[in-house]
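Biologist: I'm new to this one. Can you put it up and walk me through the parts?

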Amino acid sequence: MIDGAPAIRVAEVNARPVRRDGAFVLYWMIANRRARSSFPLERAIAWAKELDRPLVILEPLRCDYPFASDRFHRFVVDGMADNARAFAGAPVLHHPWVERRRGEGRGLIEALASHASVIVADDSPIPWLRGMVRAAAERVPIRVERVDHHGLMPLRATPRAFPVAHAFRRFLQKELPAHLAAWPNDDPFAHLVLPRLRALPREITERWPALDRDELRDPAALIARLPIDHTIGAIEDRGGHTAARARLAAFLEDGIDRYPNRSHPDDDASSRLSSWLHFGHVSSHEVLGALGARERWTPAKIAKKPTGTREGWWNVSDAGDAFLDELVTWRELGAVRCAHTDDFMRWEGLPAWARETLEQHARDPRPALYDRARLVRAETDDPVWNAAQRQLLAEGRIQNYLRMLWGKRVLAWTAHPREAFDLLVELNDRYSIDGRDPASWLNVGWVFGAYDRPWAPKRPIYGSVRYMTSESAKRKLRMKRWLAKWS
Ligand SMILES: Cc1cc2nc3c(=O)[nH]c(=O)nc-3n(C[C@H](O)[C@H](O)[C@H](O)COP(=O)(O)OP(=O)(O)OC[C@H]3O[C@@H](n4cnc5c(N)ncnc54)[C@H](O)[C@@H]3O)c2cc1C
């Protein structure tokens, strides 16, 4: 009996046999890019133990993923370097591989599968990752499993997408405690003995060589030669588990008490963890665990009965409640939506009332119309919006509150709300380091009324969709320093 991960998180992708005399077990690491606190990794270890086979961890990076750029590549390769260090002392063979030409990766999984016993792949609510695993599973003769560790709530334990956050919150409060009993191992290699594999077969290493030490230490030259978008540069934050844990520690030390004030751009009191969460460099179990350690909290403290409210259920501080509602309710709401539907990136996926009201106001006069190029270059007549766009270009992020405003204003500057919707999905996914994520599509949807309610009075252009202006943001929020920095 194989364990290593809760059964609800494991799914068979093809109905093929395990090759018991294969040369190794393969873990295909594409979403949970870390060496600890990972159910997929634990599942792969369990298979290696069961079959008494070495464990190979393939951590690949293609060059043709959506919006491939220096920004995303650098973050992922930083994470590979960090993982290479973490795996160095472990009984596994880590193969960090970067595709240098489009299509070069074709055949890699099949080649590995011709030697492997079984493949354990990351499951993900991100459609192209899930599709990639499904397609590969068709082509190989051995068992492929996908293991989900997107969040605290196993995706397969959710019955459907939820139209509003409070319905999902109620569901979580009922169902989540039972799943928290299975906690991922923070040190899955402690006392682990596995047969070692010195190297992959030559036909694989010659065609798909792992990054060498120099490339891992300084990937800039390698990345500069790849067929990806070099106009979107790397950001200052480094990718990888070590950087994620450092950021988490700094936030718990210095930011969380100020978290309730996070709307003020000058305070910038949010965790900034979304980028590392997006690339799986840190798990939400680790984040919850670290917060819990600070607050002497354990899952046993959760209220015995669902409260249905944001506050008082986890039984942590007020700041902790606010933070966990974002990390768990809102982050996982988007993932559940992606797992159960396929219209989350499309206008048609917005609630009917929102589409209707926006369509009714589609002919309202706009204060200005800006084309994509002007928006990208931050050349509007709104200095607050321009500043947010500049922060996005330079840092790959926008402060929390202003990100909402950034989205809302575009609605007023495009000829039709559909155009605004597609544009925002594209800009957010292309430039945000945490973009291309279920949270991206959920929140762009929010700009257009999804997960929100109709508001009165009706406004020109926005109809009953919630309306935000830069003037009122300037009045309400401390933003002088932020504005000075990005103006
Ligand atoms: C137009 C628009 C686009 C957005 N695009 C993205 C995106 O591409 N990727 C992304 O992760 N978030 C997105 N968000 C949600 C939110 O702005 C970011 O998650 C948050 O700013 C990340 O900063 P943080 O890590 O400091 O968050 P914190 O406030 O510290 O929150 C902790 C974690 O909770 C999660 N979280 C926080 N707020 C939300 C939210 N509203 N919805 C879902 N999860 C949330 C994130 O994983 C975050 O790291 C978007 C919001 C808007 C309005």
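Modeller: We'll go through the sheet, then some helices and single residues.

Biologist: What kind of model is it?

Modeller: It is a predicted model: local features need pLDDT of at least 70, side-chain atom pairs count only at pLDDT 80 or more, and totals for chains, interfaces and linings use all residues. Residues are numbered from 1 along each chain as its sequence is written, and side-chain values use heavy atoms, with hydrogens and water left out.

Biologist: Which residues does UniProt list for the "Photolyase/cryptochrome alpha/beta" domain?

Modeller: The UniProt record, an unreviewed entry, lists residues 23-155. UniProt positions are given in the numbering used here, feature names are shortened, and annotations may be inferred rather than shown by experiment. In the model, that span is 38% helix and 24% strand. Its end C-alpha atoms lie 32 Å apart.

Biologist: Now the sheet. What is the strand order?

Modeller: The order is β1-β6-β5-β2-β3-β4, in an open sheet of 6 strands with mixed pairing. The edge strands are β1 (10-12) and β4 (92-98), and each pairs on one side only. Neighbouring strands are turned by 25° against each other on average, direction ignored. Strands (E, at least two residues) and helices (H or I, at least four) are DSSP runs, numbered from the N terminus. Two strands pair if DSSP finds at least two bridges between them.

Biologist: Which strands does β2 pair with?

Modeller: β2 (residues 24-28) pairs with β5 (residues 116-123) in the parallel sense over 4 bridges. There, Leu26 has Ile119 as its bridge partner. Another 4 bridges join β2 to β3, and those two run parallel. Trp28 stands opposite Leu58 in β3.

Biologist: How many residues of β2 are buried?

Modeller: 5 of the 5, so β2 is largely enclosed by the rest of the structure. Buried means under 20% relative accessible area, exposed over 50%, and partly exposed in between (1.4 Å probe, protein chains only). Phe24, Leu26 and Trp28 point one way, while Val25 and Tyr27 point the other way.

Biologist: Which strands does α1 touch?

Modeller: Helix α1 (residues 39-51) touches β1, β2, β3 (55-61), β5 and β6 (144-148). Its direction makes about 170° with that of β5. Helix α2 (residues 70-87) lies across β3 and β4, running at about 165° to β4. Axes are lines fitted to C-alpha atoms, for helices over the stretch in contact, and angles run from 0 to 180 degrees between N-to-C directions.

Biologist: Switching topic. At what angle do α5 and α12 pack?

Modeller: About 105°, with the axes of α5 (residues 165-180) and α12 (residues 318-340) 10 Å apart. That makes α5 roughly perpendicular to α12. Angles under 35 degrees count as roughly parallel, over 145 as roughly antiparallel, 65 to 115 as roughly perpendicular, and the rest as oblique.

Biologist: Which residues of α5 meet α12?

Modeller: Ala165, Phe168, Arg169, Leu172 and Leu176. On α12, the partners include Asp325, Trp330 and Leu333.

Biologist: What about α18? How many of its residues are buried?

Modeller: 8 of the 10 in α18 (residues 438-447), so it is largely enclosed by the rest of the structure. Trp441 and Trp446 are among them. The cover includes α4 (127-139), α12, α16 (400-412) and α17 (417-431).

Biologist: Last one. Where does Leu477 lie?

Modeller: Leu477 lies in the loop between α19 (470-476) and α20 (480-486). At 11% relative accessibility, Leu477 counts as buried. Not counting residues up to four places away in sequence, Leu477 touches Ser263, His264, Pro265 and Tyr401. Asn261 is 216 residues away along the chain, yet the C-alpha atoms of Leu477 and Asn261 are separated by 9.7 Å.

Technical notes:
Contact means heavy atoms within 4.5 Å.
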